[in-house]
Amino acid sequence: MGTEKNTGKKGVLQVKKHRKKKLSVEELTQGVFNGDKSVLARAITIVESTRNEDLKKAYTLVENCLSRKSNSIRIGITGVPGVGKSTFIEVFGTTLTSLGRKVAVLAVDPTSTFSKGSILGDKTRMQELVKDPNAFIRPSPSGDSLGGVARKTRESVILCEAAGFDIVLIETVGVGQSETAVHSMVDFFLLLKLAGAGDELQGIKRGIMEMADAIVINKAEGDNLKKAQRAKSEFERALQLYPPKENGWIPKVSTCSSIENSGIVEIWETIEKFLDTTKDSGYFESNRQNQNKYWLLQTINELLKQHFFQVPSVKENLETMMVKVAQDKISPFRAAEVLMAGYKKELK
Ligand SMILES: Nc1nc2c(ncn2[C@@H]2O[C@H](COP(=O)(O)OP(=O)(O)OP(=O)(O)O)[C@@H](O)[C@H]2O)c(=O)[nH]1
Ligand SMILES: [Mg+2]
């Protein structure tokens, strides 16, 4: 937003805000296709908006962008708070742009629902990447459900790709269901870990080992190096106990230090190998198609749910049913059916 400083009557400094001219869908599309980062940012704001007039614009925008075929790679990065995701993305992203790639960084952050954009809010961790003309960084969108936040990020991926960003990194903090959401929108899923006290597998979330295409132990430098290498062996042993993945890929375990910039290029080499393998086998393409189908169903669930709870008969009776089920006067299943029947009646 442009600002203009004026000295008012009493000599008090006043800041006048100009609203930027609204761009049409065509102008937005063209700007995105031209790789204009400021237009891309505005296009994403429309995709993230919940205002009705923006919703229509967003549909057309995303459709226009979908028609642009891109050869992109979507990489998910997860790990507990403090593991070093942002720092890693800074070095990894810079490495990729130095290899001539264009990198977009997005985030799914369920914790940012109320404090708008906490992940990547710390752009200070990405000082180099922020300045890089071949990188685009977008803080996480806010929203009232993980589904909503995830949808916004997924649509933003399409816009970034249409703008020529051929590598999209999606950061997510390892809490709740956000990892599953991100896993189902990326081609490659990277889990960052820290070396602990030699008991690496303790406290690792169920399911995450199955999702990871690579496990990278970060902060592997100095006194920590030996510990990190031990952790690496432990993870490798543990992974052998898992059945082979559907895509035929055996998850790779490695160590890196984002601070010392070691082991970073190797991670990119692993991803390139993964791409060779899965593109040859056809898995890459079929996985993307399945992800699209998954998001279609996911969105239907989301929309139906929203609609259900907005209908007057449901709104009126839900509270009563809540009280009744709490008192065991009616079973939850029966109560749901009664509400559903009221809902259906209202649809007619
Ligand atoms: N020694 C060392 N410290 C690191 C390394 N990578 C990150 N750190 C430090 O670890 C701390 C957390 O790093 P972040 O990049 O903010 O971690 P994060 O995973 O993004 O954290 P959240 O955004 O809170 O989830 C910071 O103090 C970093 O400087 C590394 O490779 N070695
Ligand atoms: Mg971070």
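Helices here are DSSP runs of H or I with at least four residues and strands are runs of E with at least two, both numbered from the N terminus, and a residue counts as near a molecule if one of its heavy atoms lies within 4 Å of it. This is a predicted model in which local features need pLDDT of at least 70 and side-chain atom pairs count only at pLDDT 80 or more, while totals for chains, interfaces and linings use all residues. Residues are numbered from 1 along each chain as its sequence is written, ligands are numbered from 1 in the order in which they are written, and side-chain values use heavy atoms, with hydrogens and water left out.

Around ligand 1 there are 18 residues, of which Lys85, Thr87, Arg125, Glu221 and Ser258 come nearest. Helix H4 (85-98) and strand S6 (167-173) each supply at least two residues of this shell, and the largest share, three residues, comes from H4.

| Residue (backbone N or O atom) | Distance to an oxygen atom of ligand 1 |
|---|---|
| Lys85 | 2.8 Å |
| Ser86 | 2.9 Å |
| Ile259 | 3.2 Å |

Taken alone, ligand 1 exposes 650 Å², and the protein buries 74% of that, with accessible areas computed by the Shrake-Rupley method with a 1.4 Å probe.

Methods: Polar contact = N/O pair within 3.5 Å; in protein donor to acceptor, adjacent residues only side chain to side chain.
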